Every structure is written in C-alpha cells, then in structure tokens.
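Visitor: I would like to go through this model and ask what stands behind each label. Please set the values against the cut-offs.

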Amino acid sequence: MAGLNELTIVEARAQLDAGDISSVDLTRACLDAIKKTDQTTLAFLEVWEEQALEEAKASDDRRKNGKILGTLDGIPLALKDNMMVQGRNVTAASKVLEGYVATNDSTVVKKLKAQGAVFLGRTNMDEFAMGGSTENSAYQITHHPKDAERVPGGSSGGSAVAVAANMCIAALGSDTGGSIRQPASFCGVVGLKPTYGRVSRSGLIAMASSLDQIGPFAKTVEDAAILLEAIQGKDIMDQTTTDAKAFETSTLDGNMPLKGKKIGLPKQAWGDGMSDVVREKVSAAVEQLKSLGAEVVDVDLPYADEALAVYYVLMPCEVSANMSRFDGMRYGYRSPNHGLLDTYLTSRGEGIGREVRRRILLGTYALSKGYYDAYYRKAKKVQKLIQNAYASAFTHVDVLLTPTSPTTAFKIGEKINDPLAMYLEDIFTVGVNVAGLPAVSIPCGEDEKGLPVGMQLIGRQWDEAGILGMAKTYEASRT
Amino acid sequence: MALKREEVAGLAHLARIALNDEELARASTELENILGYVDRLQKIPTEGVEEAAPSAVAAIGFRPDEAIQSDPETLKLIIQNFPAKTGNLLKAPAVFERPKK
C-alpha cells in the first residue's frame, strides 16, 4: 500500500473526510518521508516539525467538531523559502537574510492558514530566486530525486523535489522566468505559473516585481487547480492584483472535449534548440492531444525569440532596485565596525551571492545614464511587440504548446560557470512572464535514464481554466 | 559591448557592493557575455512602437496613502530583526563621518 505521503490533495481530502486517516497521520507520514529522503535530496532548508504537528492536531480537532475551514484543511504543504510566515525564519536562500524572522504573513500564507493548511517547512531555492538549478543557494545544493548527481532545476528546486519525492502533498513556488515550470518539468510534477496579477505578491521576497508570480507544484493537474483557487484573488497589499474573474476548480473537466480546440505550435520554439528526447516526447504528447480531438497548427510568434534578451534587460533592472533594500541597516546581515559607506559595501559584498551580484551589476549598468534608452526603453518596446504577438496568436488558437525546457535535468556543476548557458534553459518559459500569461508544465514522458520531460501549455490572459482543463484531459488519457 | 574593469568597478561602487580584484575580473567577462547576447535587441526595429504598459493595467490601482496600524507582533519582530540596537532603537553608522586628516 502506498504511504499517506504519496497521496494527492484530492485523495487525502477524501480519506480525511471519510475519517479513515487524520491530519496528524498524514503530516507524520510527510515528516517521516523528509527524514528518510531529504538527507540525500536536501530540498528543505528548515522543517517545522513541531508546529506542523500542532497545526495538524488543530485541524483534526476542527474536523471532529464539524468545523473544517476549507478544502486544504489538514493538508501538509511545503513553501519556497521566499514566502513569509510570521514569526518564522525566511532567507530567500541568502546569507544576507540569515536569522531574519518574517514580521508578517504573506498574503498566500494568510489564505492557506484561513483554509487550515499545515506547513511542513521552507524549501531550498536559488538565492533570491535567481538561477535555474538550485545550485545558487547560499546554504545547500538540492539534488534531483531520481539521480543525485543532477540538479532538480530552479529556482524553486526544493519545492519541486519535495512534491516529486512525496515529502509533502503539494507545495508553492514562485516563477519570474520559469522558476516553477522548469523544475516541475525536470522533476516530473505539475507546475503552474498563473497570469500576472492573479495571485498577490505581498510577503513574497521580490526578485523582479513586474514578472514575479506565485504558483503551485502538485502531483496532479486538479491539485494544482485546487491550490490556485485557494491562493488567488485581489489584495489591497498588491496593486497589481485585479478584479479578474476568479478561477474555479469545479469548472475543470477531465474529459474536456478537445474537438474544436486549437493548439498552436510556435515555430520559433520548435526550431533546433532542443534535445532529441525532448522533441520526441513532446511531439508524442502533441499526437496524443490530436487523437483526443484537438486541432494542431503551426503558428508564427514574431519576436518570441527575443523574449530571453528582453528578460535579461528588464529583470536585472528590477533586481538592482529590489536588492537595494538589503543594505545592512534595518534588517539582514550587517558587516560590523565600519563607517556608513563601508557598511554598505561590505555588508552587500559579503552577504549577497555571486549570481545576485552579477544581476545587480547588469541592472545598474542598463539603468545608468546614457544606457537607459538603449537597454531598458528598448527592451520595454520589444516587450510590447512580444505581447502583441501572443495576443495575435490567441485570436486564432486556444493554447500554445512548447517543451518546458530544452533538456532534461542536467548534471550539478555542468552550467554553473557559464551564466549564458544557464540562462538559455529559460528559453521556452520566459516569454510567458514577459507577456504576463498563464502556463502550466505537465509531465509527458521520460528519457532513457528515467528523467522526466515536461510540456508547457500557454493560455490566454486569465484562462487558467483553458490550459488546466486541457492538461487534465491529457493527464487522464495517459493513465 | 566590451566592459572595462574600471567600468565594472564603477558599477559595483554605484550598487554598493565591495568586489575584490578577482571578482571584478570575472564580473567584467561575464557581463560582457551577457551584454553581447542582449545586444541583439538593437537590431529590432521599434520606431513608433510604444513601451509595454506597466504590468496589469487592469489592476486595482493604488490604495489610499494612509498609515496602516501593524499588529504588536509585527512591531516586536521588526525590532528583533534590527542588526544592532540600543533598547528599541535601531543603531546605525553615523551618516556624517569625521573627515580623515
């Protein structure tokens, strides 16, 4: 019999409702799995064992009294280490925030608490979410659950591994250029990046504010949908959230008729920039969707090739601004015994890791006098062209389909000294952030070593229901 | 576009990050590679193209510019997070430093 930690949200919920298991049982199973597995994977930076068991106990008490709070009551989840939980450490995997205690709850955590969810711990990530392998953490390198010599992807690598290795029921991550979808693809789980503005970023440690979005990692499409429904919504603390129509899990249909649905394959993505096995598995998934009734057409997505370049101008500009708050003054690491200027210089020099420094310098350069027009303004214009291209494609297709990542999980150390090679990992995912659209990565096969391949379904703005519905239908057809 | 080491040192100073010689040298090579890549944008004709609007134009807009009362726990934690303090006061290095003789 499968362990309780292997359950999905839907299964766990059914067993909790039937009284077959308790949240304490479920939470303990996850904590045991962490003890057993995480010595090798190093997905968690901190496990909140005692608090998690207390939260589980409280959930069980509520259930006994017939007063459960929401769908997620008693469900043990993991959080990426950039979401604040009041009174608990949060570091964004940076030395500069070592020992920092979150002063308030992030909005997503408030919403999950209101549903009665259990928090197992905080998961490892690339420092301040900058990276695609979780090797940039200042604390530890997270290992792929199927091959310890390989990376799990990143930046939300810890959350992806926690879900893939059944150390939690589901998890949250954040996605600025692919940081949910790429690790989901590498680890063989479902990862959703919602439409920009769907989920509040209040209490998320910012990387690039115009691109960041929180989203779920889950074992199934339906679980991802349940989490999205729980965390979405406008928030006065994040002015970029909107009144957009709420997403409802109940609208998802695992037998969604794909007849009449049109899937576009952007020719810019389907060029020669992917490994053979990725092409083979994602093409097979396309055939599968065709056999389910979908119409598949090639589409031209002009300027989509430029999304990575746009991203590597806009993102560092925002990073350089967002990181300026880590100055050693009010919180975080302060290098002692210096005058003012040297306190800034050394606190930041000693506390901030290499990849983050690189992006701060890049952003400082692009925003400096004489270069602003050539870089930032130019990138904002090309961003407009990219947004227009997606909008125009969505006038005649319902969903765009690409591989999530050009390769399967690569080896630890393979790309860490070649920033550009690492950045190219995001080639299929960044466009979605640049255009502000929703996209989901779902598993669609494995390479000869058993490493997962993911495909990405990109939807119209606010059309999470469209991509998740199609993903669910595909998922159901494979089991 | 090539970046000289002095330029990188200038950027590091503007960004208030102390870098040693080795780090400076490495940063200039890395920045040069990345800038070399993003320079492809210069070839895209954008005459007459407007800049992308700030994210989520349909968003809820600004909240009133009013102080929000924090809960006592938040206040306690803010003070607890001070890197140096005297009582409940944040200790910071002097803004005006004694001129060096």
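Visitor: Where do Arg377(A) and Asp373(A) lie, and how many residues apart are they?

Guide: This is a predicted model. Both residues belong to helix H12 of chain A and sit 4 residues apart, about one turn of the helix.

Visitor: What makes the pair Arg377(A) and Asp373(A) a salt bridge?

Guide: The closest N and O atoms of Arg377(A) and Asp373(A) are 2.6 Å apart. The cut-off is 4 Å between a side-chain nitrogen of Lys or Arg and a carboxyl oxygen of Asp or Glu, so the pair qualifies.

Visitor: Why is Arg377(A) called partly exposed?

Guide: Its relative accessibility is 31%. Buried needs under 20% and exposed over 50%, so Arg377(A) falls in between. Asp373(A), with a relative accessible area of 49%, is partly exposed by the same rule.

Visitor: Which residue of chain B meets Arg377(A) in a salt bridge?

Guide: Glu51(B) does, at 2.8 Å from N to O. The count between chain B and chain A is 5 salt bridges, and a search over all chains finds 34.

Visitor: Which parts of chain B supply the side that touches chain A?

Guide: H1, H2 and helix H3 (72–80) of chain B each supply at least two residues. H2(B) gives the most, with 10 residues. By class, that side of chain B has 38 nonpolar, 9 polar and 14 charged residues.

Visitor: How many residues are in contact between the two chains, and what area is buried?

Guide: In chain B, 61 residues are in contact with 70 residues of chain A. The buried area is about 5,600 Å², and carbon and sulfur atoms give 67% of that. Across the interface, 19 residue pairs are in polar contact, both residues of a pair being at pLDDT 80 or more.

Visitor: How do you know that the span of helix H2 of chain B agrees with its length?

Guide: H2(B) has 18 residues, 21–38, and at 1.5 Å a residue it should span 26 Å. The expected span uses one less than the number of residues. The end C-alpha atoms are 26 Å apart, so the two values agree.

Visitor: What do the buried residues of H2(B) pack against?

Guide: In chain A they pack against helices H9 (307–322), H11 (354–367), H12 (373–393) and H13 (419–424), and in chain B against helix H1 (5–14). Among these buried residues are Leu24(B), Glu30(B), Leu31(B) and Tyr37(B). Glu30(B) is also linked in a network of salt bridges with Arg354(A), Glu355(A), Arg358(A) and Arg359(A).

Visitor: Which atom of Asn20(B) reaches toward Glu22(B) at the start of H2(B)?

Guide: A side-chain oxygen of Asn20(B) comes to within 3.2 Å of the backbone nitrogen of Glu22(B).

Visitor: Why is Lys281(A) called partly exposed?

Guide: Its relative accessible area is 22%. Buried means under 20%, so Lys281(A) is partly exposed. The side chains of Lys281(A) and Glu280(A) meet in a salt bridge of 3.6 Å, N to O.

Methods
Residues numbered from 1 in each chain as written. Chains lettered and ligands numbered in written order. Heavy atoms only, no water. Buried < 20%, exposed > 50% of the residue type's maximum accessible area, 1.4 Å probe, protein only. Contact = heavy atoms within 4.5 Å. Polar contact = N/O pair within 3.5 Å; in protein donor to acceptor, adjacent residues only side chain to side chain. Buried area = accessible area lost by both parts, 1.4 Å probe. Nonpolar A, V, L, I, M, F, W, Y, C, P; charged D, E, K, R; others polar.
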